[in-house]
Amino acid sequence: MIKRVALGISGGVDSAVAALLLKTRGYDVQGVFMRNWDIADEKGNCRADEDLKDASYICDKLNIPLHQVNFVKEYWNEVFSHLLKDYESGDTPNPDILCNKNVKFKHFFEYAQCCLKADAIATGHYARTSFGSYLENYKPNTNVRLLRAQDIRKDQTFFLCQLQQQVLRRTMFPLGDLTKWEVKHIAVEHGLERIALKPESMGICFIGSRNFQDFIKEYIEDKPGKFIDIDTGQVVGEHQGIHQWTLGQRSRVHGIPEPYFICQKNVKENIIYVVQGTNHPALYSSLFFTCPPHWISLEPPELKKDSILHCYFKFQHTNDVVSSEVCQSNMGLIVKLKLPKRALTPGQYAVFYRGNECLGSAKIIHAGASEFSLNYLKKRTRDFCDENNESDASSDISFNKGS
C-alpha cells in the first residue's frame, strides 16, 4: 500500500498543483527541491535560489515538509559533461532528456527510497502510465507503459523517453488527466495565485537569458572555421566553432540578401555547410540511423521477428509526429519517414509512439538526405563542375557528420 510519496517541487505551478492533489487524496507528501545547477547567470543571479523561495512558499501554504537535496555534482558528471562532449563532436544533445534519465528519475528516486522511505515518487510532468495517475492500477512484477497526457499540447512524454522500468513503476503523474488551464485554475482556487501567475521557464535552465554562443564559449574554446555555400562551393563567411551551431539554424553571414541556414557539418575539416532559404531541400531528410534503442516497456514484437515496426516519430518536443517505418540494424535502428523532416540532428533523440503510448527512444547518429535533396545536390555539383571545368565529384557527396 502506498502511503508516503516524495514529490519533486520545482517552484512552479505544475508541481504545486501535483502536491495539492496528492495531499487531498490523503498521501503523506514529502516535498523535495533538487538543486542541479549552482552557477550564477550573466547578471550574477542563480535561478535555483528564486525557485527555492517559491518551493518553500508552496510547501508552507500546503503544510507539507520540504527537503533540499544537492545534485550539482551528479548533474555535472552525468549530464553537463556529456553535453560538452557532444557539442565538441558536432552533435546537438538534449539536456532535459539526460537530466530526467540520470538525475530526476534516478538519483531523486534513490534519495526518496533510501532517505525518505517513500513508497513512490511523483512529479508535475504532463504524462500518464498504464498504472494510473496515482498507481491505482499497480501490479507487481508487471511492466508499466508510458502514455501521453490528456492535454496533447502539454504532453511531456518526449522528455521521459529514456526512463527505466524500475522507476516508472513507482512514479505518479497527478497532472496526466488535466489541461494546463485546469491546473492554473486549481492553483488560483486554492490560494496559489502568485505561483499560477509565475512565468513558465523556457529554454535550457543553466543558460538563462544569454545567447547560446556566449554561454558555450565559457566551456569550449573557439575554433574558427569557414561557412561554405553547399550549392556553389564558395566560402561565404567565418564561424567561431562547430559547437556553436546546430542544423537548421540561421547562420550569421552578413551582407547577403537571402539568409543562410546550417545544412551539414564537417567536424574533421571544421567546415559548416550552409544553404540559402529556410526550406532548401538539402535541409530535409527522410532516412536516419540511431544508436541501440531504449524501449520503455518491451521491445516491439515486430522487431523481435526482424520485421518492420510501423509507428510514429518525433525528434523535437514541439513537432507533430510523423509516420515511420523502423527496422533493426547491427548498430541500432534504421528509420524511414513517410514525409521528410527538416534538420534531423545527430545527438537528438528519436522518440517513437504507437497510439497514445511512448514506446521508447534512440539517439540519432546520422541523418541521410531525402531522395529529392540528394538528387538536387548531385545536380548542383555537376553544374558547378561543368562551370569550372572540373571533374564530376557528385558520387563522392557524403552526408556523414564527420565527412
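The model is predicted, so local features need pLDDT of at least 70 and side-chain atom pairs count only at pLDDT 80 or more, while totals for chains, interfaces and linings use all residues. Residues are numbered from 1 along each chain as its sequence is written, and side-chain values use heavy atoms, with hydrogens and water left out.

Trainee: What percentage of the residues of the protein chain count as buried?

Mentor: Buried means under 20% relative accessible area, exposed over 50%, and partly exposed in between, with a 1.4 Å probe and protein chains only. Of the 403 residues, the share that counts as buried is 52%.

Trainee: Is K180 buried or exposed?

Mentor: K180 lies in helix α6, residues 180-189; helices (H or I, at least four residues) and strands (E, at least two) are DSSP runs numbered from the N terminus. Contact means heavy atoms within 4.5 Å, and beyond its neighbours within four places in sequence K180 is in contact with V13, D14, Y126, D151, K154 and E200. Because its relative accessible area is 7%, K180 is buried.

Trainee: With which strand does β8 pair in the parallel sense?

Mentor: Two strands pair if DSSP finds at least two bridges between them. Strand β8 (residues 225-229) has four of its five residues buried, and β8 pairs with β9 (residues 235-239) in the antiparallel sense over four bridges. The parallel partner, residues 271-276, is joined to β8 over four bridges and is strand β11.

Trainee: Which residue in the turn between β8 and β9 has a positive phi?

Mentor: Across this pair, I228 stands opposite V235 in β9. The two strands form a hairpin with five residues between them, and the turn residue with a positive phi, of about 80 degrees, is G233.
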